[in-house]
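Here's a walk through one protein model, taken a residue at a time and then a domain at a time.

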Amino acid sequence: MRYLILGSGPAGIAAAKAARKLDKDAEVILATEEHAAPYLRPLLPDLVSGERELSGVADPQGKDLAESGVKLLGGKRARRVDAAKNRVTFSDGSEETYNFLCVATGGRPILPLALMGAPGSFLFLNSLGDAQRVRERAMRSDTTVVYGPGYLGIEAARAVRRLGNEVIWINPGLPRFGNPISGEIEARITDQLRARGVKIHEGTEIADAVDVDGRNFEVVTAGGGTILCHLIVVATERLPNVVFLEGSGVKVGAGILVDEYLRTNVSNIFAAGDCAEVYDINRRESRINFGWRSAIKQGQLAGENMAGGGKVYIKNSEDYFGLLYGAPLLERAGA
Ligand SMILES: Cc1cc2nc3c(=O)[nH]c(=O)nc-3n(C[C@H](O)[C@H](O)[C@H](O)COP(=O)(O)OP(=O)(O)OC[C@H]3O[C@@H](n4cnc5c(N)ncnc54)[C@H](O)[C@@H]3O)c2cc1C
(Lines give C-alpha, C1' and ligand atoms only; values in the text may rest on other atoms or scores of the structure.)
Protein backbone atom coordinates (compact mmCIF):
# COMPACT_ATOMS: atom_id res chain seq x y z
CA MET A 1 0.00 0.00 0.00
CA ARG A 2 1.24 3.50 -0.82
CA TYR A 3 -0.02 6.57 1.05
CA LEU A 4 0.80 10.02 -0.29
CA ILE A 5 0.27 13.02 1.97
CA LEU A 6 0.57 16.61 0.68
CA GLY A 7 1.79 19.27 3.16
CA SER A 8 4.17 19.07 6.12
CA GLY A 9 2.11 21.09 8.61
CA PRO A 10 0.61 19.47 11.73
CA ALA A 11 -2.25 17.81 9.80
CA GLY A 12 0.05 16.25 7.18
CA ILE A 13 2.60 14.97 9.69
CA ALA A 14 -0.11 13.49 11.93
CA ALA A 15 -1.82 11.82 8.94
CA ALA A 16 1.45 10.28 7.73
CA LYS A 17 2.36 8.91 11.17
CA ALA A 18 -1.15 7.59 11.86
CA ALA A 19 -1.37 5.75 8.52
CA ARG A 20 2.04 4.19 9.03
CA LYS A 21 1.22 3.17 12.62
CA LEU A 22 -1.84 1.21 11.48
CA ASP A 23 -0.31 -0.17 8.28
CA LYS A 24 3.24 -1.10 9.26
CA ASP A 25 4.37 -2.40 5.85
CA ALA A 26 3.03 0.58 3.95
CA GLU A 27 5.08 3.08 2.01
CA VAL A 28 4.25 6.56 3.35
CA ILE A 29 5.39 9.64 1.43
CA LEU A 30 5.00 13.15 2.86
CA ALA A 31 5.51 15.61 -0.01
CA THR A 32 5.60 19.33 0.73
CA GLU A 33 6.49 22.55 -1.06
CA GLU A 34 8.59 23.65 1.91
CA HIS A 35 12.37 23.29 1.89
CA ALA A 36 12.57 24.04 5.61
CA ALA A 37 12.26 21.28 8.20
CA PRO A 38 8.78 21.21 9.83
CA TYR A 39 8.23 24.17 12.16
CA LEU A 40 5.66 25.47 14.64
CA ARG A 41 3.66 28.08 12.73
CA PRO A 42 2.04 29.53 15.92
CA LEU A 43 5.51 30.54 17.13
CA LEU A 44 6.35 32.60 14.04
CA PRO A 45 5.31 35.88 15.74
CA ASP A 46 7.87 35.09 18.48
CA LEU A 47 10.53 34.63 15.79
CA VAL A 48 9.61 38.07 14.43
CA SER A 49 9.80 39.70 17.86
CA GLY A 50 13.09 37.98 18.73
CA GLU A 51 11.57 36.12 21.71
CA ARG A 52 12.62 32.86 19.99
CA GLU A 53 15.43 31.79 17.71
CA LEU A 54 15.10 29.59 14.64
CA SER A 55 15.97 26.41 16.59
CA GLY A 56 13.16 27.24 19.04
CA VAL A 57 10.42 26.97 16.40
CA ALA A 58 11.24 23.44 15.15
CA ASP A 59 8.20 21.14 15.24
CA PRO A 60 8.96 18.19 17.55
CA GLN A 61 6.37 16.12 15.60
CA GLY A 62 8.58 16.41 12.52
CA LYS A 63 11.81 15.25 14.15
CA ASP A 64 11.32 11.47 13.99
CA LEU A 65 9.69 11.08 10.59
CA ALA A 66 12.33 8.72 9.16
CA GLU A 67 12.28 6.56 12.31
CA SER A 68 8.48 6.45 12.06
CA GLY A 69 8.74 5.08 8.52
CA VAL A 70 7.69 8.30 6.77
CA LYS A 71 9.68 9.55 3.78
CA LEU A 72 9.75 13.37 3.63
CA LEU A 73 10.10 14.96 0.18
CA GLY A 74 10.78 18.71 0.37
CA GLY A 75 10.51 21.28 -2.44
CA LYS A 76 7.53 19.46 -4.00
CA ARG A 77 4.60 21.74 -4.80
CA ALA A 78 1.58 19.78 -6.05
CA ARG A 79 0.34 21.19 -9.36
CA ARG A 80 -2.22 18.61 -10.46
CA VAL A 81 -4.07 15.59 -9.13
CA ASP A 82 -5.15 12.92 -11.63
CA ALA A 83 -7.70 11.02 -9.56
CA ALA A 84 -8.42 8.50 -12.34
CA LYS A 85 -4.75 7.45 -12.46
CA ASN A 86 -4.04 7.94 -8.71
CA ARG A 87 -1.20 10.31 -9.52
CA VAL A 88 0.03 13.73 -8.37
CA THR A 89 2.23 15.93 -10.58
CA PHE A 90 4.54 18.45 -8.91
CA SER A 91 5.77 21.81 -10.20
CA ASP A 92 9.23 20.35 -10.93
CA GLY A 93 7.61 17.89 -13.35
CA SER A 94 8.05 14.86 -11.06
CA GLU A 95 5.14 12.56 -10.19
CA GLU A 96 4.08 10.36 -7.28
CA THR A 97 1.43 7.64 -7.39
CA TYR A 98 -0.74 6.53 -4.49
CA ASN A 99 -3.34 4.07 -3.30
CA PHE A 100 -4.58 6.69 -0.83
CA LEU A 101 -4.01 10.45 -0.92
CA CYS A 102 -4.40 12.90 1.96
CA VAL A 103 -4.42 16.61 1.11
CA ALA A 104 -3.18 18.69 4.05
CA THR A 105 -2.00 21.83 2.27
CA GLY A 106 -3.32 24.37 4.81
CA GLY A 107 -4.06 27.92 3.70
CA ARG A 108 -2.58 31.13 2.34
CA PRO A 109 -3.45 34.67 3.51
CA ILE A 110 -5.83 36.78 1.43
CA LEU A 111 -4.20 39.78 -0.22
CA PRO A 112 -6.42 42.89 -0.14
CA LEU A 113 -6.97 44.23 -3.67
CA ALA A 114 -5.76 47.68 -2.62
CA LEU A 115 -2.22 46.37 -2.05
CA MET A 116 -1.81 44.92 -5.52
CA GLY A 117 -0.72 48.31 -6.84
CA ALA A 118 2.21 48.60 -4.39
CA PRO A 119 3.94 45.20 -4.45
CA GLY A 120 7.04 46.38 -2.53
CA SER A 121 5.03 47.80 0.35
CA PHE A 122 3.89 44.62 2.10
CA LEU A 123 4.97 41.25 3.44
CA PHE A 124 2.80 38.33 4.51
CA LEU A 125 3.17 36.63 7.88
CA ASN A 126 2.34 33.01 7.16
CA SER A 127 5.45 30.88 6.58
CA LEU A 128 8.88 30.59 8.16
CA GLY A 129 10.38 32.56 5.25
CA ASP A 130 7.75 35.28 5.75
CA ALA A 131 8.60 35.60 9.45
CA GLN A 132 12.32 35.93 8.68
CA ARG A 133 11.59 38.59 6.04
CA VAL A 134 9.22 40.54 8.33
CA ARG A 135 11.79 40.57 11.13
CA GLU A 136 14.62 41.69 8.84
CA ARG A 137 12.53 44.44 7.22
CA ALA A 138 10.89 45.63 10.47
CA MET A 139 14.34 45.99 12.03
CA ARG A 140 15.12 48.53 9.29
CA SER A 141 11.75 50.28 9.68
CA ASP A 142 10.36 52.79 12.17
CA THR A 143 6.66 52.56 11.36
CA THR A 144 4.72 49.43 10.38
CA VAL A 145 1.07 49.05 9.46
CA VAL A 146 -0.41 45.65 10.34
CA TYR A 147 -3.50 44.66 8.39
CA GLY A 148 -5.76 41.75 9.34
CA PRO A 149 -8.69 40.73 11.52
CA GLY A 150 -8.79 38.82 14.80
CA TYR A 151 -6.13 36.48 16.07
CA LEU A 152 -3.54 36.85 13.31
CA GLY A 153 -3.76 40.65 13.23
CA ILE A 154 -3.34 40.81 17.02
CA GLU A 155 -0.32 38.49 17.00
CA ALA A 156 1.40 40.33 14.15
CA ALA A 157 0.83 43.73 15.83
CA ARG A 158 2.16 42.43 19.15
CA ALA A 159 5.30 40.95 17.55
CA VAL A 160 6.31 43.99 15.49
CA ARG A 161 5.61 46.33 18.42
CA ARG A 162 7.92 44.25 20.62
CA LEU A 163 10.61 44.82 18.04
CA GLY A 164 10.33 48.55 18.78
CA ASN A 165 8.39 49.75 15.73
CA GLU A 166 5.59 52.24 15.89
CA VAL A 167 2.65 50.00 14.96
CA ILE A 168 -0.70 50.94 13.47
CA TRP A 169 -3.07 47.98 13.39
CA ILE A 170 -5.85 48.22 10.80
CA ASN A 171 -8.48 45.78 12.03
CA PRO A 172 -11.16 45.34 9.36
CA GLY A 173 -13.53 43.43 11.67
CA LEU A 174 -14.52 39.83 12.19
CA PRO A 175 -12.67 37.08 10.29
CA ARG A 176 -14.85 35.12 7.86
CA PHE A 177 -13.33 31.75 8.78
CA GLY A 178 -12.21 30.03 11.92
CA ASN A 179 -13.45 30.79 15.41
CA PRO A 180 -13.86 34.51 16.02
CA ILE A 181 -12.57 35.70 19.39
CA SER A 182 -15.42 36.73 21.67
CA GLY A 183 -16.15 40.47 21.76
CA GLU A 184 -15.24 40.80 25.44
CA ILE A 185 -11.85 39.08 25.06
CA GLU A 186 -11.04 41.03 21.90
CA ALA A 187 -11.87 44.29 23.73
CA ARG A 188 -9.50 43.35 26.59
CA ILE A 189 -6.72 42.35 24.20
CA THR A 190 -7.22 45.55 22.23
CA ASP A 191 -6.86 47.55 25.46
CA GLN A 192 -3.64 45.71 26.28
CA LEU A 193 -2.23 46.36 22.82
CA ARG A 194 -3.13 50.05 23.14
CA ALA A 195 -1.41 50.18 26.52
CA ARG A 196 1.71 48.82 24.79
CA GLY A 197 1.58 51.69 22.30
CA VAL A 198 -0.14 50.05 19.31
CA LYS A 199 -2.47 52.49 17.51
CA ILE A 200 -5.65 50.79 16.39
CA HIS A 201 -7.97 51.66 13.51
CA GLU A 202 -11.09 49.53 13.98
CA GLY A 203 -13.60 48.51 11.33
CA THR A 204 -11.85 50.08 8.39
CA GLU A 205 -10.06 48.86 5.26
CA ILE A 206 -6.94 49.76 3.34
CA ALA A 207 -8.25 51.67 0.30
CA ASP A 208 -4.86 52.24 -1.32
CA ALA A 209 -1.11 52.07 -0.75
CA VAL A 210 1.13 54.46 -2.66
CA ASP A 211 4.89 54.12 -3.06
CA VAL A 212 6.30 57.53 -2.02
CA ASP A 213 10.04 57.10 -2.59
CA GLY A 214 10.86 53.40 -2.50
CA ARG A 215 11.24 53.41 1.31
CA ASN A 216 8.12 55.22 2.48
CA PHE A 217 4.59 54.12 1.62
CA GLU A 218 1.39 56.05 2.11
CA VAL A 219 -1.52 53.90 3.27
CA VAL A 220 -4.94 55.39 2.56
CA THR A 221 -7.78 54.05 4.72
CA ALA A 222 -11.40 53.66 3.63
CA GLY A 223 -12.29 56.67 5.81
CA GLY A 224 -9.87 58.85 3.83
CA GLY A 225 -7.09 59.01 6.45
CA THR A 226 -3.43 58.54 5.46
CA ILE A 227 -0.60 56.79 7.30
CA LEU A 228 3.06 57.05 6.29
CA CYS A 229 4.93 53.79 6.96
CA HIS A 230 7.92 51.72 5.90
CA LEU A 231 6.21 48.34 5.89
CA ILE A 232 2.75 46.77 5.75
CA VAL A 233 2.40 43.32 7.33
CA VAL A 234 -0.53 41.37 5.87
CA ALA A 235 -1.86 39.01 8.54
CA THR A 236 -5.20 38.10 7.02
CA GLU A 237 -7.32 34.94 7.18
CA ARG A 238 -5.94 31.97 5.36
CA LEU A 239 -7.87 30.67 2.35
CA PRO A 240 -7.45 26.92 1.70
CA ASN A 241 -4.68 25.94 -0.75
CA VAL A 242 -6.75 23.99 -3.23
CA VAL A 243 -6.05 25.44 -6.71
CA PHE A 244 -4.13 22.34 -7.80
CA LEU A 245 -7.30 20.23 -7.35
CA GLU A 246 -8.97 21.92 -10.33
CA GLY A 247 -9.97 19.29 -12.85
CA SER A 248 -9.37 16.43 -10.39
CA GLY A 249 -13.06 15.79 -9.71
CA VAL A 250 -12.53 16.40 -5.95
CA LYS A 251 -15.33 18.67 -4.75
CA VAL A 252 -14.23 22.01 -3.33
CA GLY A 253 -16.36 24.71 -1.68
CA ALA A 254 -14.44 27.29 0.34
CA GLY A 255 -12.21 24.33 1.26
CA ILE A 256 -12.02 20.66 0.26
CA LEU A 257 -15.40 19.17 1.11
CA VAL A 258 -15.07 16.10 3.34
CA ASP A 259 -17.49 14.04 5.39
CA GLU A 260 -17.12 13.35 9.12
CA TYR A 261 -14.54 10.65 8.30
CA LEU A 262 -12.55 13.32 6.39
CA ARG A 263 -13.09 11.50 3.11
CA THR A 264 -13.76 13.55 -0.05
CA ASN A 265 -16.24 12.57 -2.76
CA VAL A 266 -13.38 10.53 -4.32
CA SER A 267 -13.20 7.43 -2.14
CA ASN A 268 -9.40 7.13 -1.85
CA ILE A 269 -8.75 10.88 -1.31
CA PHE A 270 -8.96 12.45 2.17
CA ALA A 271 -8.29 15.99 3.41
CA ALA A 272 -7.41 17.37 6.86
CA GLY A 273 -6.52 20.61 8.63
CA ASP A 274 -7.03 24.17 7.43
CA CYS A 275 -7.55 23.19 3.75
CA ALA A 276 -10.56 21.00 4.58
CA GLU A 277 -14.18 22.03 4.92
CA VAL A 278 -15.25 19.39 7.39
CA TYR A 279 -18.79 18.19 7.98
CA ASP A 280 -19.50 18.70 11.69
CA ILE A 281 -22.23 16.22 12.61
CA ASN A 282 -23.01 18.09 15.83
CA ARG A 283 -23.75 21.41 14.18
CA ARG A 284 -24.85 19.81 10.88
CA GLU A 285 -22.75 22.18 8.83
CA SER A 286 -19.40 22.24 7.03
CA ARG A 287 -16.67 24.22 8.75
CA ILE A 288 -13.07 25.24 8.15
CA ASN A 289 -10.69 24.67 11.02
CA PHE A 290 -8.39 27.20 12.65
CA GLY A 291 -5.95 25.82 15.14
CA TRP A 292 -2.81 23.77 15.42
CA ARG A 293 -4.01 21.05 17.79
CA SER A 294 -7.25 20.63 15.87
CA ALA A 295 -5.22 20.16 12.67
CA ILE A 296 -3.31 17.36 14.43
CA LYS A 297 -6.61 15.70 15.46
CA GLN A 298 -7.95 15.93 11.93
CA GLY A 299 -4.67 14.60 10.47
CA GLN A 300 -4.70 11.63 12.84
CA LEU A 301 -8.30 10.81 11.93
CA ALA A 302 -7.63 11.06 8.18
CA GLY A 303 -4.48 8.91 8.50
CA GLU A 304 -6.29 6.21 10.50
CA ASN A 305 -9.25 6.16 8.13
CA MET A 306 -7.02 5.92 5.04
CA ALA A 307 -5.41 2.87 6.64
CA GLY A 308 -8.79 1.24 7.25
CA GLY A 309 -9.58 2.64 10.73
CA GLY A 310 -12.98 3.58 9.36
CA LYS A 311 -14.91 3.72 12.61
CA VAL A 312 -13.76 7.00 14.05
CA TYR A 313 -15.84 10.08 13.43
CA ILE A 314 -16.00 13.53 14.92
CA LYS A 315 -17.85 13.29 18.23
CA ASN A 316 -16.49 16.27 20.06
CA SER A 317 -16.50 19.23 17.67
CA GLU A 318 -14.26 21.39 19.84
CA ASP A 319 -11.41 18.88 19.47
CA TYR A 320 -11.59 19.22 15.73
CA PHE A 321 -12.28 22.93 15.35
CA GLY A 322 -11.07 24.82 18.40
CA LEU A 323 -7.88 23.39 19.89
CA LEU A 324 -5.12 25.96 19.78
CA TYR A 325 -1.42 25.80 20.39
CA GLY A 326 0.39 27.87 22.95
CA ALA A 327 -0.44 30.42 25.63
CA PRO A 328 -3.87 32.08 25.57
CA LEU A 329 -3.93 35.23 23.46
CA LEU A 330 -4.87 37.39 26.43
CA GLU A 331 -1.69 36.33 28.25
CA ARG A 332 0.43 36.92 25.16
CA ALA A 333 -0.92 40.41 24.48
CA GLY A 334 -0.21 41.36 28.08
CA ALA A 335 3.30 39.87 28.16
C1 LIG B 1 1.25 33.67 12.07
C2 LIG B 1 0.34 32.56 12.53
C3 LIG B 1 0.12 32.37 13.88
C4 LIG B 1 -0.73 31.35 14.32
N5 LIG B 1 -0.90 31.18 15.65
C6 LIG B 1 -1.62 30.13 16.09
C7 LIG B 1 -1.69 29.85 17.50
O8 LIG B 1 -1.16 30.57 18.32
N9 LIG B 1 -2.37 28.76 17.89
C10 LIG B 1 -2.97 27.92 16.99
O11 LIG B 1 -3.54 26.92 17.39
N12 LIG B 1 -2.93 28.18 15.66
C13 LIG B 1 -2.27 29.25 15.19
N14 LIG B 1 -2.19 29.49 13.85
C15 LIG B 1 -2.96 28.63 12.92
C16 LIG B 1 -2.23 27.29 12.70
O17 LIG B 1 -0.91 27.53 12.34
C18 LIG B 1 -2.98 26.48 11.65
O19 LIG B 1 -4.29 26.24 12.10
C20 LIG B 1 -2.26 25.17 11.37
O21 LIG B 1 -0.94 25.39 10.93
C22 LIG B 1 -3.00 24.37 10.31
O23 LIG B 1 -2.27 23.22 10.02
P24 LIG B 1 -2.33 22.50 8.60
O25 LIG B 1 -1.45 21.31 8.69
O26 LIG B 1 -3.74 22.31 8.19
O27 LIG B 1 -1.76 23.55 7.54
P28 LIG B 1 -0.37 24.31 7.48
O29 LIG B 1 0.27 24.39 8.81
O30 LIG B 1 -0.65 25.57 6.75
O31 LIG B 1 0.53 23.36 6.58
C32 LIG B 1 0.26 23.18 5.21
C33 LIG B 1 1.53 22.73 4.51
O34 LIG B 1 1.24 22.42 3.14
C35 LIG B 1 2.23 23.04 2.31
N36 LIG B 1 1.61 23.25 0.97
C37 LIG B 1 0.73 24.21 0.59
N38 LIG B 1 0.40 24.06 -0.70
C39 LIG B 1 1.08 22.98 -1.15
C40 LIG B 1 1.14 22.30 -2.41
N41 LIG B 1 0.45 22.73 -3.48
N42 LIG B 1 1.95 21.22 -2.53
C43 LIG B 1 2.68 20.77 -1.46
N44 LIG B 1 2.67 21.38 -0.24
C45 LIG B 1 1.86 22.46 -0.09
C46 LIG B 1 2.56 24.33 3.05
O47 LIG B 1 3.78 24.88 2.63
C48 LIG B 1 2.60 23.81 4.49
O49 LIG B 1 3.82 23.21 4.78
C50 LIG B 1 -1.37 30.51 13.37
C51 LIG B 1 -1.16 30.72 12.00
C52 LIG B 1 -0.32 31.73 11.57
C53 LIG B 1 -0.08 31.94 10.08
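**Starting from a loop**

Setting aside its neighbours within four places in sequence, Lys251 is in contact with Ile256, Leu257 and Asn265, where contact means heavy atoms within 4.5 Å. Before going on, a word on the ground rules: this is a predicted model, so local features need pLDDT of at least 70 and side-chain atom pairs count only at pLDDT 80 or more, while totals for chains, interfaces and linings use all residues. Residues are numbered from 1 along each chain as its sequence is written, and side-chain values use heavy atoms, with hydrogens and water left out.

Back to Lys251, then. It sits in the loop between β17 (238-240) and β18; strands here are DSSP runs of E with at least two residues, helices are runs of H or I with at least four, and both are numbered from the N terminus. Lys251 counts as exposed, at 52% relative accessibility. For that label, exposed means over 50% relative accessible area, buried means under 20%, and partly exposed is what's in between, with a 1.4 Å probe and protein chains only. The C-alpha atom of Lys251 is 7.1 Å from that of Thr264, and 13 residues separate the two along the chain.

Leu262 isn't a glycine, yet it has a positive phi of about 70°. You'll find Leu262 in the loop between β18 (256-258) and β19 (269-271), and it is buried, with a relative accessible area of 0%. Arg284 also has a positive phi without being a glycine, at about 55°. Arg284 belongs to the loop between β20 (276-280) and β21 (285-288), and at 65% relative accessibility it counts as exposed.

**Around helix α1**

Ser8 lies in the loop between β1 (2-6) and α1, and it's buried, with a relative accessible area of 9%. Its side chain makes a polar contact of 3.1 Å with the side chain of Thr32. A polar contact is a pair of N or O atoms within 3.5 Å; within protein, one must be able to donate a hydrogen and the other to accept it, and residues adjacent in sequence count only if both atoms are side-chain atoms. Not counting residues up to four places away in sequence, Ser8 touches Ile13, Leu30, Thr32, Glu34, Pro38 and Leu72.

What does Ala15 touch, leaving aside its neighbours within four places in sequence? The contacts are Ile5, Cys102, Gly299, Gln300 and Gly303. Ala15 and Gln300 are 285 residues apart along the chain, but their C-alpha atoms are separated by 4.9 Å.

**The ligand and its shell**

There are 33 residues around the ligand, and Glu33, Glu34, Tyr151, Asp274 and Tyr325 come nearest; a residue is near a molecule if one of its heavy atoms lies within 4 Å of it. A polar side-chain atom of Glu33 is 2.7 Å from a ligand oxygen atom, and an N or O atom in the side chain of Glu34 is 2.8 Å from an oxygen atom of the ligand. The ligand has 1000 Å² of accessible area on its own, and the protein covers 98% of that; such areas come from the Shrake-Rupley method with a 1.4 Å probe, and for residues only the protein chains shown count as cover. The elements giving two or more residues to the shell are α1 (10-22), α4 and α6 (292-306).

Helix α4 spans residues 150-162 and holds Arg158. Arg158 is buried, with a relative accessible area of 6%, and a polar contact of 3.3 Å joins its side chain to that of Glu51.

Finally, zoom out. The protein is divided into domain 1 (2-106 + 241-321) and domain 2 (112-238), with bounds from an automatic or database domain assignment. The C-alpha centres of the two domains lie 29 Å apart, and the contact between them takes 20 residues from domain 1 and 20 residues from domain 2. The shell around the ligand draws at least three residues from each of the two domains.
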